[in-house]
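Here are some notes to read alongside the structure. Keep the 3D view open and click through the residues as they come up.

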Amino acid sequence: MKRPIMVLSFALSFFPVAKVSAEQSQIEVYKTNSCGCCVAWMNHLDENGFETTGHNMFGGSLVRFKLDNGVPQRMVSCHTGLIDGYVIEGHVPAADISRLLEERPEAVGLAVPKMPLGSPGMDQGSRRDAYDVFLINKDGSTEVFASYPGN
């Protein structure tokens with residue numbers, strides 16, 4: 001019985017837990033047809049072990065979808081993802097999604113409001129805006145989950 005545990009421990013030392021959970025996670029992404037940054041964000045997730053599937057929606061329907069899924073209006077961005085019972089709004093880095101899935105807080109999900117330059121999918125050369133990733137609590141309140149500096 002101890003041998004499989006040792007093998008598992010050895011195997012996990014080569015594969016970070018966050019990466020393992022990302023590789024097993026499919027994310028459904030709801031976006032408009034003409035949004036290139038949404039596709040770039042999906043590529044970022046794919047490159048980091050997630051499996052993305054895109055769904056095109058008309059603008060008004062997409063906004064209603066966001067609000068119906070618990071995204072406060074002040075947290076809205078251009079695309080919305082659904083993964084393992086969580087909502088991912090905007091250009092949230094893959095590492096933060098992996099952390100969310102690992103920690104499993106009682107929350108609606110994560111959001112990066114607006115579209116900050118330098119966030120995944122919003123790469124514009126070397127320029128980076130400072131931005132926060134917010135945890136959306138079930139009561140609609142938010143708190144900073146991660147922060148990224150600008151330059």
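This is a predicted model: local features need pLDDT of at least 70, side-chain atom pairs count only at pLDDT 80 or more; totals for chains, interfaces and linings use all residues.

1. Residues are numbered from 1 along each chain as its sequence is written, and side-chain values use heavy atoms, with hydrogens and water left out.

2. There are two aromatic pairs here. Rings of Phe, Tyr and Trp (its six-membered ring) pair if their centres lie within 6.5 Å; planes under 30 degrees apart are stacked, over 60 edge-to-face, and the rest tilted. Y30 and F65 have ring centres 4.4 Å apart and planes at 40°, so this pair is tilted. Y30 belongs to strand β1 (residues 26–31) and F65 to helix α4 (residues 59–68), so the pair links distant parts of the chain, 35 residues apart. Helices (H or I, at least four residues) and strands (E, at least two) are DSSP runs, numbered from the N terminus. Both Y30 and F65 are buried; buried means under 20% relative accessible area, exposed over 50%, and partly exposed in between (1.4 Å probe, protein chains only).

3. Y131 and Y148 make a stacked pair, at 5.0 Å centre to centre with 20° between the planes. Since Y131 is in strand β6 (residues 131–136) and Y148 in strand β7 (residues 142–148), the pair ties together parts 17 residues apart in sequence. Y131 is buried at 6% relative accessible area, while Y148, at 22%, counts as partly exposed.

4. Have a look at R99 too: its charged end sits over the ring of F145, 3.7 Å from the centre. For that label, NZ of Lys or CZ of Arg must be within 6 Å of the ring centre and within 35 degrees of the ring normal.

5. Is S25 buried or exposed? S25 is buried, with a relative accessible area of 4%, although this residue lies in the loop between α2 (17–23) and β1. Leaving out residues up to four places away in sequence, S25 touches F50, E51, I83, D84 and L101; contact means heavy atoms within 4.5 Å.

6. Now the cores: each is a set of buried Ala, Val, Leu, Ile, Met, Phe, Trp, Tyr and Cys residues joined through side-chain atoms within 4.5 Å. The largest has 22 residues, and I88 and I97 touch the most other members. Helix α5 (94–103) gives the most to this core, with four residues. Apart from it lies another core of seven residues, including M75 and V87.
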